[in-house]
Amino acid sequence: MYKFLPRGHIIAVRYEDHLPSINSLAFPWGHCYSQQHSFRGGSEMKHLLELEKGREAVDGRPSVGPVYRSAFAKDGFPPPVPGVDSCWDIFRLSAEKFPGRNMLGHRTVVDGKAGKYVWKTYKEVYDTVIKVGASIRSCGIEQGGRCGIYGANCSEWVISMEACNAHGIYCVPLYDTLGAGAVEFILCHAEVQIAFIEEKKIPEVLKTLHVSSKFLKTLVSFGKVTSDQREVVEKFGLAIFEWDEFLLLGHDKQFDLPTKKKDDVCTIMYTSGTTGDPKGVLISNKSIISLISGVDLFLLCVNEQLTEDDIYISYLPLAHIFDRVIEEMFIYRGASIGFWRGDVKLLVEDLGELKPTIFCAVPRVLERIFTGLQTKISTGGMLKQTLFNLSYKYYFIVSILFSCWRAQLPIEVSVFVVYWFTYVNILFIKICSKLHNMERGSKHEEAAKICDRFVFNKVKDGLGGKVRLILSGAAPLATHVEQFLRVVTCAHVLQGYGLTETCAGTFASLPNDLSMLGTVGPPVPNVDVRLESVPEMNYDALSEVPRGEICIRGDTLFAGYHKREDLTEEVMVDGWFHTGDIGEWQPNGSMKIIDRKKNIFKLSQGEYVAVENLENIYGLVPDIDSIWIYGNSFESTLVAIVNPNMQALEHWAQTNGISGDFASLCQNQKAKEYILGELAKIGKEKKLKGFEFIKAVHLDPVPFDIERDLLTPTYKKKRPQLQKYYKSVIDDLYKSLK
């Protein structure tokens, strides 16, 4: 009769089970709602084309599944764009076609108050790029030279990048979220000769000069330079310029733009890495051009093609491939890019002023939006909560029963109220419930127009009011968050998957298809994909449910790791890039990421543990925000460090008469037992094996973060660093078990 809703504690009734006469009389087309998703229409793998059959294991090599390609590429991969042989051509052609269109914008700040966006046109940006390029060449940097860019997203960042593209100079982004150690490594490893630097980042670069000055000869600030900074730089024999000063450096010189080829490297993009030093991924012009062609065809096929009228808010780091290729796409289409002010607390305000049409995000950003909306709903009063819940899914009948009980109504009256309220509720669900209608195949913009206009438009306004496409990448987005945002944002919410080595976009889910919730969708139409079995983890690419390591083939692939041919040979085998991610084909042809090949260890009894898969399962517990699981070959059990959900833990404490702030609750033994019990429940529900159950937990009120070097800039767990940071805690957990 009752069901617990995912990620929540509210109980709901299945109305149809108890009111067959109403349902059959008023709504002969059947049940109003089911939590079971089904793949509708077409045969299995309907979004894919099979190019090659799978093969069994041979000569010590694992079996592989069939080779698939996007059904959008039924006529072959999209042809290259005429006249585009390099990233420079992408920008050059748009500057010729859209000279007067707004290209790069930022908000002016006067007396601490932000104003409207101020724009540079494509022509204005082009002219500045030519000046910067001439100045770079006047410093002696030739084609094939190395130029670093270090700082938050801004117009100067993009202009410096385009100047590199113009002269065939390798652009080497430096991570804004990394400290001097990684900056020093990249400057030296890439042999960077000139670096463009955000004003406040200059001190970080100066710390590296005792080593990096072997290669580094010129520094350019996006802003001002102090006299002390000039003194330090000159001490090492380098030159340093302010931005406006640098623009004049080459004004009296003419430099011909060199010929650039598709196979030429345009960028060395260093991956943050979860172990060891960053790896320099060599990205060619061909990789980015092929990516743009494939994504452009994908957007055309789903009726969401970019135009010159689109607007993008640039806040994800340009030093990451995700944002880099998105901005290349916008430049290719002559669209506009507005930069945020660099403060996450001001992002919503910047969205409201810019009014972007496309919003890209990492899961952590979308989860914050989800949490903020949930908080507003829960504190918005009974009427607002009811209206929202009715619009989203269904009314909570239990609240009606509770209201009748508090009003001390006779049982006969209570039954009558519930009966007729349920009848009206079913009518509302049948006609207006947006989630229900979307599950039945309605497009999001047609699923509940009334609800969109009077309820969900407030959510849309919070993102600026014009967002039509939200793309999540870099890490998995929780299914309940994706479903919620698909309904309430009045926009398509799509998950994508890709790596720096694949030039980002490799998979993308499709609009208006809820069967793809929790997946990254089918491949984009510019790559071939297959799964390779991983016997030691019991993943079989030829089984009824194909699972294995995701392997990619196509022109978007990188050219190798800079100065690391050994690592290149490890991941590139017979033209296939081995991602290290474990995927599972879904019946409709979408891909679900379920594990990580390297995140596997053996317990003392000889059992292998796929830790990332377990973390995904335990992460379904609504009372926790994050979990890191640990085990080793000297122990027979698993332990975990858990970041509890503050609201959930405080609610549990209040219900159980336990006082204290959040930090003290995390130290409470009963709280630890409660969380351990919740983890055990989900473990039993998912039929985990005995050795996969967590036996002890430590509750940390401070979330895993980049500042302590526990997460990469894309919020992936850095397991060696987590192990080192929590070593004493882990030791104590194992002692407590003995």
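**Notebook: a look through the predicted model**

I began with Ser135, which touches Phe246, Leu247, Leu249 and Gly250 once residues up to four places away in sequence are left out. I am working with a predicted model throughout. Ser135 sits in helix H4, residues 122-138.

**The chain as a whole**

Next I looked up the overall figures. I counted 28 helices and 29 strands in the protein chain. The chain has 738 residues, and 54% of them are buried.

**Cysteines**

How many disulfides does a search of the whole structure find? I got 0. A disulfide is a covalent bond between the sulfur atoms of two cysteines. The cut-off I used is 2.5 Å between the sulfur atoms. Cys266 is buried, at a relative accessible area of 4%. I checked Cys490 as well. Cys490 also counts as buried, with 11% relative accessibility.

I turned to helix H5 (residues 155-167) and helix H12 (residues 321-332). Their axes are 13 Å apart and the packing angle is about 80°. H5 and H12 are therefore roughly perpendicular to each other. From H5, the contact uses Val158, Met161, Glu162 and Asn165. From H12, I listed Arg324, Glu327, Glu328 and Ile331. Sorted by class, the contact has 4 charged, 3 nonpolar and 1 polar residues.

**Positive phi values**

Last, I noted two aspartates. Asp111 has a phi near 55°, a positive value in a residue other than glycine. Where does Asp111 lie? I found it in the loop between strand E5 (102-110) and strand E6 (113-121). Asp111 counts as exposed, at 80% relative accessibility.

Asp709 has a positive phi too, near 65°, and is likewise a residue other than glycine. I placed Asp709 in the loop between strand E29 (694-699) and helix H27 (719-725). Is Asp709 buried, exposed or partly exposed? Its relative accessible area is 34%, so I wrote down partly exposed.

Conventions. Residues are numbered from 1 along each chain as its sequence is written. This is a predicted model: local features need pLDDT of at least 70, side-chain atom pairs count only at pLDDT 80 or more; totals for chains, interfaces and linings use all residues. Side-chain values use heavy atoms; hydrogens and water are left out. Helices (H or I, at least four residues) and strands (E, at least two) are DSSP runs, numbered from the N terminus. Buried means under 20% relative accessible area, exposed over 50%, partly exposed in between (1.4 Å probe, protein chains only). Axes are lines fitted to C-alpha atoms, for helices over the stretch in contact, and angles run from 0 to 180 degrees between N-to-C directions. Angles under 35 degrees count as roughly parallel, over 145 as roughly antiparallel, 65 to 115 as roughly perpendicular and the rest as oblique. Contact means heavy atoms within 4.5 Å. Ala, Val, Leu, Ile, Met, Phe, Trp, Tyr, Cys and Pro count as nonpolar, Asp, Glu, Lys and Arg as charged, and the others, Gly among them, as polar.
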